[in-house]
Amino acid sequence: MAIQLVSTAAQLRAESARLLTQKGGTSQGLVPTMGALHEGHARLARTAVGQNDVVVASIFVNPLQFGEAVDLERYPRTLEADMALLDAEGVDLVFAPSADEVYPGGEPVVRITAGPLGGKWEGASRPGHFDGALTVVAKLLHFGMPGTGLSGGGGLPAYRAYFGQKDAQQLALVKRMVEDLNFPVEIVPVPIVRSEEGLALSSRNRFLSAEEREAALVLSRALLLVEARANAHVPLDLESAQALVESQPLVELDYFDVVDPRTLEPLAENCKDTPFRGEGLAIIAARVGPVRLIDNVPLDS
Ligand code: AMP
């Protein structure tokens, strides 16, 4: 069945309910994106299609989470190619609303506050970013909820939403929001998709020159070094991995640390001189040319 494009919440509700009935389905998946889709988003869509009867992908560049107007303006918009990619993955519906549809009363007065977890790491250099991101994610989770249309049996349809581990802080915050505020949705994390050389795919990578792209590989190399040490049960030696990043003149390091994946509190102090034990997340952010890049690798030892 061909993919459909809808732009209002009412159309989305009606169409998803119709599809659920038509397919005799009992589950619905939502894949929230900002468009300019690549293989990372495709993996989210593929995972959702594999687990649900009806899958909705949303494409919305949320003005609320951009600090600088220029960043919002230059964010790539490639709807036609996005539709083709989602269609190839078997997504049923694309929800691409206007800003007026999402915020009919203008900027929302009541918002989600990310709290202290939203103030560290990415939040430290992008004030208000996670409040804006969580507010729109809350709205999208409501827009994408399965409607009626159950085939017999009773019970509510299962509802799942898919988020990339690439944005580890966003994922941790969305999970907390859903737990803390009892949203009726299961959050499903999807592993990072990388280029062959190791660069985590991002819609912003297109702004890198060939030289900057090559330089940016140092981020994943440093993370892999830390991962290898965790797997080898030796001290992580973050300093030497950090020195590797700092030796690359085109890369301006913002942070590099090992944190608890849920709280994002640093763990590195605990494993400085002793082998790493337990679960962690090595996280990195750096500016490369015009772009801020983030990446991470889970550690499980
Ligand atoms: P964005 O369109 O950048 O807001 O991303 C939409 C979703 O795709 C988010 O849940 C991201 O974490 C996820 N995503 C972006 N890049 C990747 C990647 N390289 N691998 C896996 N998921 C990704």
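**The ligand shell and an aromatic pair**

Me: How many residues surround the ligand?
Reply: This is a predicted model, in which local features need pLDDT of at least 70, side-chain atom pairs count only at pLDDT 80 or more, and totals for chains, interfaces and linings use all residues. Residues are numbered from 1 along each chain as its sequence is written, and side-chain values use heavy atoms, with hydrogens and water left out. The closest are Met 34, Gly 164, Asp 167, Val 193 and Leu 201, and the number of residues around the ligand is 17.

Me: Which element supplies the largest share of the shell around the ligand?
Reply: Helices (H or I, at least four residues) and strands (E, at least two) are DSSP runs, numbered from the N terminus. β2 (27-33), α2 (39-51) and β5 (158-164) each give at least two residues to the shell. The largest share, three residues, comes from α2.

Me: How far is an oxygen atom of the ligand from a polar backbone atom of Gly 164?
Reply: A polar contact is a pair of N or O atoms within 3.5 Å. For the ligand oxygen and the polar backbone atom of Gly 164, the distance is 2.9 Å.

Me: What is the angle between the planes of Phe 66 and Tyr 75?
Reply: Rings of Phe, Tyr and Trp (its six-membered ring) pair if their centres lie within 6.5 Å; planes under 30 degrees apart count as stacked, over 60 as edge-to-face and the rest as tilted. Phe 66 and Tyr 75 are 5.7 Å apart, centre to centre, and form an edge-to-face pair. The angle between their planes is 75 degrees.

Methods: Near = heavy atom within 4 Å. Polar contact = N/O pair within 3.5 Å; in protein donor to acceptor, adjacent residues only side chain to side chain.
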